[in-house]
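Please keep the sequence and the coordinates at hand while reading.

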Amino acid sequence: MVHEPLGTRTSSPLVFELCGLARAEAEAIAARVAERHPAYDVELDGALDAGRPGRHLLRLTPRGPATPGLPLSDDLLADLLAPLAAGTITMTGHQRELLTAAVDAEGGPGRYVEQIFWDWAGPLDLTRFISAWQSVAEREAVLRASFDWSGAARLVLHERAVVEVVRHVHAAVGWSELLRQDRARGFELYRPGLLRVSLLDGPPDTTGAGRSPTRVLVTYHRALLDERGARLLLRQFYRSYLAGGMLPGGDRRPDIRDHSEWLARQDPAGAREFWAAAAPPAGAAVSPGRPGGPPRHAEGPGRIQRRLRPPQTSRLRSWAAGRGAGESSALHVVWALLLYRAAGADGPLPVAFGVHLSGRDMSLRAAADIPGLLGNPLPMTVTVDPAAPLVDLLLQVRDAALDLDPYAWVCADRIQEWSGRAPGPGLTETTVRFDNPPELPENLRAELAAQGIRVGVPRSAGGDTTLPVTLVAHYDAEGALVLTALYDRARFTDTDASGTLSQCLHLLRSLPEHPDETFTVADALRLLGSSEVPRMTPPGPGGSRLALAVLRAGEAQADVVCLVTVPGVTPGAYDTLVHEHAGPERIVLLSVTGRAVSPGTLQEMLGPGRQLILCGAGPAGRVALEIARRTAEQTGETPAVVMTGVGGAAESAQALSRALRAVRARST
């Protein structure tokens, strides 16, 4: 797509040249814009040049007064550049946060990839296995979804997606290596198929007891599904497998589309009033460690797991229940104590941490069975007073969690806005998540057993966090409470993470031994004795960056193509364009992170007679548009902006090259 922003000129239609599209495709884009943006009259002209098919002019004329030079909204840009798929839906706030983190190249494609696994004993028909997963994809919209982040971040729902299933023989790859390789592959988030399955056959049986179990690994992206959603899909898979590999009927509803519509209907008035008072105050203790950790020493996520034995878990449950609370409240109390201790305070102090809710306790029919990422980490604030009885803190965290439940649909950026806090660091630095995944129904387990199939309980094989620390709790098959610390190794060392988790378990074991109602918060803190308070490395410097590099000198007096790159541009797209785009243009690369670009920065690239063409793939299109708009305002010159949606490196390069040739054709 080619567009020339109007700067400060009087209001006039927005004009876009669509390149490389058949007439029906251009009409589909025009229809989508007309449906979703009624403030404009939409007109699609005929092909611009009979000798060059695939070029169409799209005019958007404001129906009422419009502000001159008003930049394109993210929603309009998203609808112009979105794939021609079945439809798009708005993402939840937590999904946007995870997607933003994932498309940033730091950490590699394996970030925010989740894995669950279990053992399958008994007969396994591979053809039926593959068909069963494909049948689930045909009924569940979430498995046909991909992400688009060209403008406003959206979920794109496709008509079809393939669930990749690969079977590995035992001698070909070990289990640990398979886990590592499959995670490192990551996903191309702009394509559907964000869940895949691997089978690893067990070693040959030499005892005569029967065939060794096959291990099943399901890998999926965290921005698409939570573990509960993955297990709900697994339940559907078993039903499909038992039915011969084919589920009857069409799409199962409700699904993520119904959830999106439900979110759009929510009145924010009550939530705004609640969060204006309940959001963490500026001075709350939020850090799991004291400042002064070592410089950044490692990259990527860390994962440490500890287990509270079943008898200890039972005592903890009884201790909390006797005081009118659950074991999740006991865990919240312990985490609040650790945050308070890390702050080094003497008197009462508010502490805040995230509490992750599944988001499925809502007034939407059968919401509990919707696979997807519906939940949200919400900030919980409680006041820790060393002089107060510990039971008061237990009841305080219990009540705070109950107060959060009606607002599980509210995203963190809106909470920050409603709290009156200035944009910047998040409201919390840790999250506590208590997982309670759905069990496999007994009737399904019995039907599997009738066919000689025994399946284990799925277990998590990894995890990631956008915060310095996320604490995940769940029960294992023996009823023991298992705690997993997921942490950013650039902020928290392995030693400090291990120490924090050990202190957490020590408190959980020790609190039931002190049933006296006069037992205070200070008494609980003294249980940690002289154990070392963890340290946490401060965040690295902000990502403000502006760099200009010449990729191709071009011919004298030729136009200048400025490739704008930001986090989220598909790696290799611009390299492919420079290599394959034939033309006389000078090509430069402008890397932008966290700052505006002055038009003066670009003037040095231009000589007499040269025209500037700004080029942006995916999210860089928004930045290129803003640069062009500022240039038009300050200099009166209007650079052309060439944009394409999110896609593969070769696809993006081809789309940009077509549009660049269209700009060249206009000027010759």
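Is Phe237 buried or exposed? Phe237 has 0% relative accessibility and therefore counts as buried, where buried means under 20% relative accessible area, exposed over 50% and partly exposed in between, with a 1.4 Å probe and protein chains only. The model is predicted, so local features need pLDDT of at least 70 and side-chain atom pairs count only at pLDDT 80 or more, while totals for chains, interfaces and linings use all residues. Residues are numbered from 1 along each chain as its sequence is written, and side-chain values use heavy atoms, with hydrogens and water left out.

A pair of aromatic rings is described by the distance of the centres and the angle of the planes. Rings of Phe, Tyr and Trp (its six-membered ring) pair if their centres lie within 6.5 Å; planes under 30 degrees apart count as stacked, over 60 as edge-to-face and the rest as tilted. The structure holds 12 aromatic pairs. One of them joins Phe129 and Phe237 edge-to-face, at 4.8 Å centre to centre with 65° between the planes. Because Phe129 belongs to helix H4 (residues 126–139) and Phe237 to helix H6 (residues 227–242), this pair ties together parts that are 108 residues apart in sequence. Helices here are DSSP runs (H or I, at least four residues), numbered from the N terminus.

Phe129 is also buried, with a relative accessible area of 1%. Phe237 forms a tilted pair with Tyr238, at 5.5 Å centre to centre and 50° between the planes. Tyr238 is buried as well, at a relative accessible area of 2%. Ring pairs link Phe129, Phe237 and Tyr238 with Trp120, Trp133 and Tyr241 into a cluster. Over the face of Tyr241 lies Arg128, at 4.1 Å from the ring centre; the criterion for such a charge is that NZ of Lys or CZ of Arg is within 6 Å of the ring centre and within 35 degrees of the ring normal.

Helix H6 itself is mostly covered, with 14 of its 16 residues buried. Just after H6, Gly244 takes a positive phi of about 90°.

Elsewhere, Ala276 is placed in helix H8 (residues 269–278) and is partly exposed, with a relative accessible area of 49%. Ala276 and Gln416 are 140 residues apart in sequence, yet 9.0 Å apart in space, C-alpha to C-alpha.

Technical notes. Helix = DSSP H or I, 4+ residues; strand = E, 2+ residues; numbered from the N terminus.
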